[in-house]
Amino acid sequence: ATDRDAAKSVVKITTTFKGPDEKGKIVTKVGNGTAWCWNNPRQVVTALHVIAGIPDSDIRVYTDRESKSSGVKLIKVLKEADLALLQLDTDLGLTPLTL
């Protein structure tokens, strides 16, 4: 696959976690990661540590320049490989990456 083809498969993930800090104060922590489209246009694979402990409702997936976004549902986890498979709520027009 060319870089241009791969760009149609790669997305940004943002996570928002609300919880207590070291002093017990409720704070919001924002995290970021990447994922790539796999198998079908509405499934992406990411590193499990990017989304671990984050409720599905607090995970968003974005296309380039954050022009489109989708919520997700966690489908499957492969702990040994630190991978997570997510189902997108919205079709973002992604192209599955061929390996």
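Biologist: In which sense do strand 3 and strand 6 pair, and over how many bridges?

Modeller: Two strands pair if DSSP finds at least two bridges between them; strands are DSSP runs of E, at least two residues, numbered from the N terminus. Here strand 3 and strand 6 pair in the antiparallel sense over five bridges, and T46 has A84 of strand 6 as its bridge partner. This is a predicted model, in which local features need pLDDT of at least 70, side-chain atom pairs count only at pLDDT 80 or more, and totals for chains, interfaces and linings use all residues. Residues are numbered from 1 along each chain as its sequence is written, and side-chain values use heavy atoms, without hydrogens and water.

Biologist: Which strands close into the barrel, and in what order?

Modeller: Six strands, in the order 1-2-3-6-5-4, with antiparallel pairing. Strand 2 (residues 26–37) pairs with strand 3 over three bridges, where V44 is the bridge partner of C37. Between these two strands the hairpin has five residues, and N39 takes a positive phi near 75 degrees.

Biologist: Is strand 3 mostly covered or uncovered?

Modeller: Buried means under 20% relative accessible area. In strand 3 (residues 43–47), four of the five residues are buried, so by that definition the strand is mostly covered.

Biologist: Where is the largest pocket lined?

Modeller: Rolling a probe the size of a water molecule over the atoms shows where empty space is left. The lining of the largest pocket includes W36, W38, V45, K76 and L85. Strand 5 (69–78) and strand 6 (83–88) each give two or more residues to this lining. These two strands pair over six bridges, in the antiparallel sense, and K76 has L85 as its bridge partner. A pocket is an open set of points on a 1 Å grid over the protein atoms alone, where a 1.4 Å probe fits, with protein on both sides within 12 Å along at least five of seven lines; lining residues have an atom within 4 Å of a point.

Notes. Buried < 20%, exposed > 50% of the residue type's maximum accessible area, 1.4 Å probe, protein only.
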